[in-house]
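Dear colleague,

Here is the structure you will be working with from now on. My notes on it follow below.

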Amino acid sequence: MEFKIIDFDDLGNGIARINEKVSFVKRGIKGEVVDIEILNEKKNYSNSIIKNIIVKSPDRINPICPFYDNCGGCQFLHLKEECEKEFKINKARKFFSKCDNFYETTNLNYRNKVKLHVKNGNIGYYKEKTNDLVSISNCYLLNNNINRVIKLFSNYFDPNFNGLITIRENSQGEIILVIDGCFKYINNLKNYDLITNLIYNNQVIKGKTYFIENIFDYKFKVSFNSFFQVNRLGLERIYLVLTNFLKDKNISTSLDLYSGTSVLGIHLAKYSKKVISVEINSSATKDALVNLNLNNITNLEVINDKVENVIDRFNLIDLVIVDPVRSGLDKKTIENLKRINSKYLIYIACSMDSLKRDLSYLSDTYNLDNLYLVDMFPRTNNVESVAILRLK
Ligand SMILES: C[S@@+](CC[C@H](N)C(=O)[O-])C[C@H]1O[C@@H](n2cnc3c(N)ncnc32)[C@H](O)[C@@H]1O
């Protein structure tokens with residue numbers, strides 16, 4: 001069946017019209033004419049794959065990665081980088097009617113953390129929307145040292161190894177390798193200088209449970225089980241957006257909600273008389289307390305709790321920053337943000353869909369002043385949004 005791809009959907013797949021129905025064509029590019037195979041038929045739409053490209057888009061490129069056909073790790077290696085950028089900006093304009101700036105980072109080798117699945121000794125990502133493992137020996141999104149660690153495992157194939165491998169790297173090249181599962185060659189890994197810190201089923205085998213990361217002049221302790229932004233340059237871009245906003249404001253008290261190791265709260269503390277960070281994860285909260293000392297911050301209080309458990313105690317706040325997980329904000333938090341009525345609310349979101357939903361709930365209280373995109377996850381269909389809201 002030959003069809004024209006008429007547009008992109010919100011995930012970056014192609015859209016074709018088949019009779020009265022829409023088909024979402026995996027990796028189809030707007031303008032292409034393709035021969036497709038329907039994978040599953042629903043009441044109002046279908047999902048399909050390309051069997052043959054009849055008219056190829058000039059925006060299509062050869063994917064650099066040999067695992068791209070099956071792997072669910074990224075979505076845009078077949079598309080020119082400028083088209084990916086256009087897709088992300090267009091999506092923001094469609095959702096929010098604005099996009100004030102798009103901050104680029106680096107297109108490849110930007111991720112400082114990866115979580116890989118292990119099944120019968122094979123290591124990789126899951127295929128999109130499945131638990132089927134796609135074995136990999138390299139990923140172009142990851143920092144080079146992380147790829148070197150992945151390659152080491154090919155010397156030690158253990159068919160009884162099932163579990164998870166998490167690898168992180170800081171800007172000094174220190175690695176934290178965390179292995180969960182029974183791996184018979186664990187002691188061999190200790191001997192590699194590349195692996196500075198090794199944690200096996202929650203036991204430290206080599207080095208420490210954390211490293212220190214530097215962002216501009218700040219220092220952050222990051223433990224193996226604390227959240228940290230996966231793209232260092234992306235975090236620097238968020239700081240720039242915040243600095244531009246904060247530099248001429250007179251902020252008395254501010255909240256840093258979903259604060260992780262307080263990377264945003266510590267920056268905010270330079271522009272605010274008092275800051276309160278709230279974070280659920282106890283490891284990240286403990287790191288945050290160390291980070292206050294590392295950065296000589298004395299006006300930041302850190303609370304280890306769920307935001308929804310404590311938000312009803314806050315009053316007289318000038319600025320709130322929220323940086324929740326992909327699913328966005330819960331109803332109680334949204335209601336309390338409205339009650340707190342801070343002059344400014346900055347919403348940092350890794351899911352534009354959750355941001356769109358939550359801004360619609362907040363729209364009776366806040367106007368969206370500015371929307372910035374930070375390309376935290378190049379070559380994937382995700383992008384970080386920084387939305388600056390002002391009280392109506
Ligand atoms: C996207 S991260 C942002 C962290 C931090 N702002 C940063 O930039 O590094 C979201 C954080 O929210 C925390 N979290 C998730 N659910 C939470 C909740 N209900 N209450 C408080 N913190 C929560 C997670 O542990 C994680 O550290």
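Predicted model: local features only at pLDDT ≥ 70, side-chain atom pairs only at ≥ 80, totals over all residues.

The strands β6 and β21 pair in the parallel sense, over three bridges. Val 374 also stands opposite Glu 384 in β22, where β21 and β22 pair in the antiparallel sense over eight bridges.

These strands belong to an open sheet of eight, with mixed pairing and the order β6-β21-β22-β20-β19-β16-β17-β18. β6 (101–103) and β18 (300–304) are at the edges; each has a single partner strand, so one side of each is left without a neighbour in the sheet. From one strand to the next the twist averages 20°. Further along the order, β20 (residues 344–349) and β22 (residues 384–391) pair in the antiparallel sense over six bridges. Within that pairing, Tyr 347 has Ala 387 of β22 as its bridge partner. Helix α6 (residues 282–294) packs on the sheet and touches β17 and β18. The direction of α6 makes about 165° with that of β18.

Next, Val 383. This residue is found in the loop between β21 (366–374) and β22. Is Val 383 buried or exposed? The cut-off for buried is 20 or more other C-beta atoms within 10 Å. Val 383 has 25 C-beta neighbours inside 10 Å and therefore counts as buried. Neighbours within four places in sequence left aside, Val 383 is in contact with Lys 88, Met 352, Leu 373, Asp 375, Met 376 and Phe 377. Glu 169 is 214 residues away from Val 383 in sequence, and their C-alpha atoms are 21 Å apart in space.

On the ligand: which residues come nearest to it? Of the 19 residues around the ligand, these are Phe 227, Tyr 258, Gly 260, Ile 280 and Asp 323. The shell divides into eleven nonpolar, four polar and four charged residues. At least two residues of the shell are supplied by each of α5 (263–268), β17 (272–279) and α7 (307–310).

Last, the domains. The domain assignment gives domain 1 (1–60), domain 2 (101–105 + 231–391) and domain 3 (113–212). Between the C-alpha centres of domain 1 and domain 3 there are 37 Å.

Regards

Methods
Residues numbered from 1 in each chain as written. Near = placed C-beta within 6 Å. Helix = DSSP H or I, 4+ residues; strand = E, 2+ residues; numbered from the N terminus. Nonpolar A, V, L, I, M, F, W, Y, C, P; charged D, E, K, R; others polar. Domains from an automatic or database assignment. Pairing = 2+ DSSP bridges. Axes fitted to C-alpha atoms, helices over the stretch in contact; angles between N-to-C directions. Contact = placed C-beta atoms within 7 Å. Buried ≥ 20, exposed ≤ 12 C-beta atoms within 10 Å, placed from the backbone.
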